[in-house]
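Visitor: I have a chain to look over. Please walk me through it, one point at a time.

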Amino acid sequence: MTVSQPTTPTTNNGQINQYFINRFDNAVILDSKTGQFSINQKTLPINATKLELTELDKLISQSNVSLKQTILEVPKANVVQDGNSVVIGDSPKTAEQIAKGTSVQAVSLFHEGSNYVHSYWWGKRVGVSRTTVRKVSTNITKGGQALGATLFFIPAPQVKAVGAAIGAASTILGYGMSYFPGGLVFNTTPNYLGSQVWDVQFQ
């Protein structure tokens, strides 16, 4: 068991507290057979509070539901386990590159980027290419009829929520989606709540 100071699970704006993630990261494992996250009781901080454990259980439960749904709806070749996380790419090559941390980066600040979802027990790290961001903008403007085709690497029930999260991320960076200069990447809760998008960057 580890020792660290108890912390609040979320910040004032509802985002997951990074200190909370750091405090419990070693206590959550991903079972490669079941494809589900679980708590390793032996590595829980010895001073974990009831509030922390309740929130930990809630996040793991949400992540397990989301991950199970994702794995059922995307090609198996596009899913790669990366230690205690799972990468779902728009292609097997993208999934492998993101899992290995070897995705090709351009020299300039703004570049195309890749489409992927990196699932953790606390939520997701979502990468969206510049082309996809612009297509999402066009499809939302037209009423969202083809949004599922644009976000083809996301399970159908989550498409609208991801579209909203992409919009929130582009707003944080200060660019309209239709004029987005590069691919983006952001963190979000398991349910892709737009108000809980954080750590937004260009890919």
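Guide: One cut-off before we start: contact means heavy atoms within 4.5 Å. Bear in mind that this is a predicted model.

Visitor: Which residues does P190 touch, not counting residues up to four places away in sequence?
Guide: P190 lies in the loop between β7 and β8. The contact cut-off is 4.5 Å between heavy atoms. By that cut-off, P190 touches L59, Q62, S63, S66, W122, G123 and K124.

Visitor: Is P190 buried or exposed, and what is its relative accessible area?
Guide: Buried means under 20% relative accessible area. P190 is buried, and its value is 2%.

Visitor: How far apart in space are P190 and V200, C-alpha to C-alpha?
Guide: In sequence, P190 and V200 are 10 residues apart. In space, the C-alpha to C-alpha distance between P190 and V200 is 16 Å.

Visitor: Which elements make up the protein chain, and in what order do they run?
Guide: The secondary structure comes to six helices and eight strands. From the N terminus on, the order is α-β-β-α-β-β-α-β-β-α-α-α-β-β.

Visitor: What is the radius of gyration of the protein chain?
Guide: The C-alpha trace spans about 50 × 35 × 35 Å along its principal axes. For 203 residues the globule rule gives 17 Å. The chain comes close to that, so it is as compact as a globular protein of that length, with a radius of gyration of 17 Å.

Visitor: What share of the contacts with a separation of 6 or more comes from residues 24 or more positions apart?
Guide: Burial first: of the 203 residues, 46% count as buried. Among contacts with a separation of 6 or more, residues 24 or more positions apart account for 58%.

Visitor: How many residues of β7 are buried?
Guide: L184, F186 and T188 point one way from β7. V185 and N187 point the other way. Both sets are buried. β7 is therefore largely enclosed by the rest of the structure, and its buried count is five of the five.

Visitor: Which residue stands opposite V185 in β7?
Guide: Strand β6 (residues 123-128) pairs with β7. The sense is antiparallel, over five bridges. The residue opposite V185 is G127.

Visitor: What is the bridge partner of N187 in β8?
Guide: β7 also pairs with β8. That pairing is antiparallel, over three bridges. The partner of N187 is W198.

Visitor: Why is the pair of Y175 and F202 edge-to-face?
Guide: The structure holds eight aromatic pairs. The ring centres of Y175 and F202 are 5.7 Å apart and their planes are at 75°. Planes over 60 degrees apart count as edge-to-face, so the angle that settles it is 75°.

Visitor: How far apart in sequence are the parts that this pair ties together?
Guide: Y175 lies in the loop between α6 (159-173) and β7 (184-188). F202 lies in strand β8 (residues 198-202). The pair therefore ties together parts whose separation is 27 residues.

Visitor: How far does α6 reach from its first C-alpha to its last?
Guide: α6 has 15 residues. At 1.5 Å a residue, 21 Å is expected. The reach of α6 is close to that, at 21 Å.

Visitor: Which residue with a positive phi follows α6?
Guide: The buried residues of α6 include V159, V162 and I166. After the helix comes a phi near 85°. The residue is G174.

How values were computed. Residues numbered from 1 in each chain as written. Predicted model: local features only at pLDDT ≥ 70, side-chain atom pairs only at ≥ 80, totals over all residues. Heavy atoms only, no water. Phe/Tyr/Trp six-rings, centres within 6.5 Å; stacked < 30°, edge-to-face > 60°. Helix = DSSP H or I, 4+ residues; strand = E, 2+ residues; numbered from the N terminus. Expected span 1.5 Å × (residues − 1). Buried < 20%, exposed > 50% of the residue type's maximum accessible area, 1.4 Å probe, protein only. Rg over C-alpha atoms; globule rule 2.2 N^0.38 Å. Pairing = 2+ DSSP bridges.
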